[in-house]
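Welcome, and thanks for taking a look with me.

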Amino acid sequence: MVSRRMALFSLAALASCGNNEPGGETTEYAGGPLYLIATEVSAGDHFQVYLVLSPTFDASTAIDATRGLELQGRPIPIVHNGAVYVSDRTAPTVTRYLVTEDGQLAPDRTVSFASVGVQGIDGANMHIVSDEKAYLFDPASLRILVWNPTEMKLTGAEIDLTEVSREGYTAVAWLEPFNVASRGDRLFIPVSWYDQDGNIAFGAALLTIDTSSDTVVAFSKDDRCGEAYMSVEAPSGDIYFFASAESSAQHHYGDGARRPSCVARVRAGADTFDPDDEVLDLSALVSGRAAQGAISDGATGFFFAAADEARWEEREQNGWSFWRIWHYDFETKEAREVDSLPWWAGSTYHYEIDGQKYLPFWEATPDDGWKTTVFKMSGTDNPAPLFSFAASYRAIARLK
């Protein structure tokens, strides 16, 4: 399983999550709003994640990036219904953490997937559908295991995904919130393939799951466009799937093919890609450059990133920050560069809190090490910086 949370595109195996002891403080918590900011720090190849809690999430927010429950490795925590779910890369378990009366996180219950042959769990392979249903994709066996996040038990149901197998490649079904899209009881899950060297196969692929019956409705592909990774729903109800920074740069610059960054879609009311449907060519909007990622502006378009070839050539010197943010409008079909934002490193991830979208920007600084600035999305207006902290990030969510 490959992590895409870092700008340096490392495909190495990552360390495990550990310490399940209570910890972390939020001295101002008194039963009001509470937010989780999962920070990440490193020392060489050793990573640590801290589950930092904050009573605010606005311009006044100031957090100590290491003042929270400490977890070894690089787990991706998931927040649902006032609880934090943390997986373990080296053990087949998911542990639920709850907020105590004094505003700390403490372990509650753990569910094990050992009985069904799971070896380790990546948070990017989990998705909570409802209070009673959650999905876990097991790449080793190409199946989705169904479990209950309230009872912390396996339901016994499984979804066979062997049809996504591809000779010579490892398949990954992306299940984080910015990956999947939902429409009623349909869950649309983008799929990627990696070879043994970590190269990403060109071509968009999509699993459509019926969450009421836990069955595969369809598996569709569109070989005209690159990898499907992030999703955006247009005002029309069409759902577009965008490539990651990693695959877009690889297919445009790395393999010399100069493949355009186009975007496949699922039409409103449909369940699959239509290979005869028109695709959205992002490269054509940005003078033929590689393009990736997308974040809905909540209005008439989305923000995405386009590469600068000169900066790509100097990527090891500029911290892989060769992406510039752009905005596209569905109504006018025009794109504009957002030069008020910094040069971006990696994919454009986003998080939603109370219906408001936020864009975290990670950067490596010479003096302070890692730094994350959280930008607030305001429709078609340029995102504005909200607050910063001295670390990278793993997740951002409202907990209470």
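1. Start with the strands. Strand 4 (78–80), strand 8 (126–128), strand 13 (181–183), strand 17 (230–233), strand 21, strand 25 (351–353) and strand 29 (392–398) each give at least two residues to the lining of the largest pocket. Strand 29 gives the largest share, five residues. Strands are DSSP runs of E, at least two residues, and helices are runs of H or I, at least four, numbered from the N terminus.

2. A word on the source: this is a predicted model, where local features need pLDDT of at least 70, side-chain atom pairs count only at pLDDT 80 or more, and totals for chains, interfaces and linings use all residues. Numbering runs from 1 along each chain as its sequence is written, and side-chain values use heavy atoms, with hydrogens and water left out.

3. The largest pocket holds about 990 Å³ of space. Among its 37 lining residues, His-127, Glu-176, Pro-177, Phe-178 and Glu-352 are the closest to its centre. On a 1 Å grid over the protein atoms alone, a pocket is an open set of points with protein on both sides within 12 Å along at least five of seven lines, a cavity is a set where a 1.4 Å probe fits but cannot get out, and lining residues have an atom within 4 Å of a point.

Key
Grid points are joined across faces, edges and corners, and a volume is the space filled by probe spheres set on the points.
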